[in-house]
Amino acid sequence: MRTGLFVATVLLWSHSPLRAQIATGVIDPFIQKIVDAISEERIAAHMRRLETFETRNTLTPSRGPNHGIAAARQWLFEEFKSYSPRLQVRFESHKVKKFGTRFFRDGQVVNVVAVLPGTRDPERSIVVSAHYDTLHVVRKPTTAGSTEPGVIDGEMSAAEQSAPGVTDDGSGTAAVLELARVMSQQQFDATVVFIAFDAEEYGSVGANLYATRAREQKQRIDAVLNNDIIGSEATGDGRTDSRRVHVFSEEPADSASRNLSRYIKDVAERYVPSMKADPVFRHDRFARGGDHTQFNQEGFAAVRVTSAAEYLSNQHTGTDTFANSSPGYTARVARVNAAALASLALAPKAPDITPPGGAQGRAVTNIGRGKSGYAAQLRWKNETPETDLAGYSVLLRSTLAPLWERSIFVGNVNEYTLEGVSIDELVFGVQAVDKEGHASLPAVYVAAPAPKVRLETE
Ligand SMILES: [Zn+2]
């Protein structure tokens with residue numbers, strides 16, 4: 001929402017579903033200004049500062065005002081506070097009982113949360129996060145005769161060893177700070193929440209507690225962009241990938257998380273043409289974890305934003321240093337975030353495609369074959385439309401296609417029929433679009449099987 005002319009949605013049809021990407025897009029100079037305001041110098045300074053705490057191990061006590069995680073979070077708090085009086089900054093502190101191997105004693109877990117309240121729909125929020133804790137893993141030597149690698153020694157890993165964690169995840173934390181600085185100079189329709197999570201390395205403890213509470217309080221979190229390891233553009237085997245970021249999203253093919261990853265690609269590549277924001281269609285890397293999963297598990301649309309070129313042998317060691325990181329790359333990934341966050345926070349809410357009566361299944365549905373029996377008849381509703389709503393775009397793609405292939409602006413209607421189109425071989429979505437072309441996340445029509453009938457036999 002802001003004043004300006006609505007620019008009609010551009011239609012683009014690609015003959016190759018595998019490389020197709022819609023160009024619904026318009027460039028909003030206001031969003032471009034936000035993207036361009038992200039400062040590499042500030043991000044680099046934040047990464048250097050985070051390194052100076054020596055360790056940000058959740059369970060290691062701080063030795064003085066410039067050592068350890070307690071000192072680091074005080075610095076984060078004051079940084080957030082300094083950006084704008086509109087940013088509401090707080091610690092969220094929890095006493096957590098020991099569990100597992102890494103969280104080997106009872107401890108304090110403290111998230112640092114900065115809220116930029118929305119001006120039109122403050123109950124609806126967009127989250128951008130990273131974790132500020134670090135880890136130095138000590139592996140037990142491989143037992144003689146065993147082919148298994150040594151196991152992680154929880155107590156040893158928590159000892160007073162250097163754990164600078166500049167890429168994992170000082171880079172994400174630096175980006176979240178810079179996004180908070182830039183975005184808090186502006187106003188958005190929806191609330192934007194900037195979070196530095198604690199104890200990701202110890203089982204995503206901070207994010208677990210935050211996401212659980214958000215679900216219990218029925219918070220309306222539309223999207224979570226979790227940035228974890230965005231400070232490296234070179235791998236340990238000599239490959240560089242400095243113009244691509246990976247966006248991991250959970251199954252199935254049209255989960256809210258998956259559609260968030262498609263949205264990020266569409267928007268971010270428009271505003272940051274030097275970068276590819278490539279979805280990876282799995283919840284995370286093999287045998288690795290991240291804070292986004294805690295949100296997925298509570299039913300929120302969350303993705304992991306992570307380097308396409310991880311330097312694995314530096315992670316969770318004393319060599320995850322500023323010298324071994326790439327602040328220029330982190331700044332480019334922060335710009336990708338800025339484009340997606342601003343677009344989401346300025347857009348109207350998504351239309352409601354819940355069938356009449358709320359039934360999921362086949363008998364009552366908001367997608368049908370129309371009068372001809374060979375059309376796609378789509379219905380949606382929006383009981384409290386925004387005053388600057390322009391209308392809706394229908395999205396289409398083949399069930400074989402990873403990304404949306406077509407976007408059709410259909411006007412301010414609540415039903416649209418595409419003749420001669422088979423609903424059984426295409427996927428359909430619908431987005432709300434405001435007068436400046438800001439599009440909501442899509443609501444997507446998915447086919448649910450009828451519940452299995454358990455038969456009785458004699
Ligand atoms: Zn991490």
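How many bridges join strand β5 (residues 220-227) and strand β8 (residues 302-307), and in which sense do they pair? The two strands pair in the parallel sense over 4 bridges, and V224 stands opposite A302 in β8. This is a predicted model, where local features need pLDDT of at least 70, side-chain atom pairs count only at pLDDT 80 or more, and totals for chains, interfaces and linings use all residues. Residues are numbered from 1 along each chain as its sequence is written.

**The chain overall**

- The secondary structure comes to 9 helices and 15 strands; helices (H or I, at least four residues) and strands (E, at least two) are DSSP runs, numbered from the N terminus.
- Of the 458 residues, 49% count as buried, where buried asks for 20 or more other C-beta atoms within 10 Å of a residue's own, exposed for 12 or fewer, and partly exposed lies in between, with C-beta atoms placed from the backbone.
- Among contacts between residues at least 6 apart in sequence, 77% join residues at least 24 apart; a contact needs C-beta atoms, placed from the backbone, within 7 Å.

**The sheet of 8 strands**

- This open sheet has mixed pairing and the order β1-β2-β4-β3-β5-β8-β6-β7; two strands pair if DSSP finds at least two bridges between them.
- Its edge strands are β1 (88-96) and β7 (276-280), each pairing on one side only.
- Neighbouring strands are turned by 25 degrees against each other on average, direction ignored.
- Helix α6 (residues 205-216) packs on the sheet, touching β1, β2, β4 and β5, and its direction makes about 55 degrees with that of β2; angles run from 0 to 180 degrees between N-to-C directions, and axes are lines fitted to C-alpha atoms, for helices over the stretch in contact.

**Strand β4 and its partners**

- In β4 (residues 190-197), 8 of the 8 residues are buried, so this strand is largely enclosed by the rest of the structure.
- Strand β2 (residues 107-116) runs antiparallel to β4, joined by 5 bridges, and A114 stands opposite F194 in β4.
- Strand β3 (residues 121-131) runs parallel to β4, with 8 bridges between them; H131 has F197 in β4 as its bridge partner.

**Helix α9 and its neighbours**

- Helix α9 lies across β3, β4, β5, β6 (244-248), β7 and β8, running at about 175 degrees to β5.
- Helix α2 (residues 40-51) packs against α9 (residues 327-346) at an angle of about 120 degrees, with their axes 9 Å apart.
- In that contact, E40, I43, A44 and M47 of α2 meet P327, G328, T330, A331 and A334 of α9.
- The residues of this contact divide into 6 nonpolar, 2 polar and 1 charged; Ala, Val, Leu, Ile, Met, Phe, Trp, Tyr, Cys and Pro count as nonpolar, Asp, Glu, Lys and Arg as charged, and the others, Gly among them, as polar.
- The axes of α5 (residues 166-183) and α9 come within 10 Å and cross at roughly 50 degrees.
- Helices α5 and α9 are therefore oblique to each other; angles under 35 degrees count as roughly parallel, over 145 as roughly antiparallel, 65 to 115 as roughly perpendicular and the rest as oblique.
- Among the α5 residues that meet α9 are S171, A174 and E178.

**The sheet of 4 strands**

- A further open sheet has the order β12-β11-β14-β15, with antiparallel pairing.
- Strands β12 (406-411) and β15 (443-445) are its edges.
- Strand β11 (residues 389-398) is joined to β12 by 5 bridges, and Y392 stands opposite G411 in β12.

Definitions and conventions. Two residues are in contact if their C-beta atoms, placed from the backbone, lie within 7 Å.
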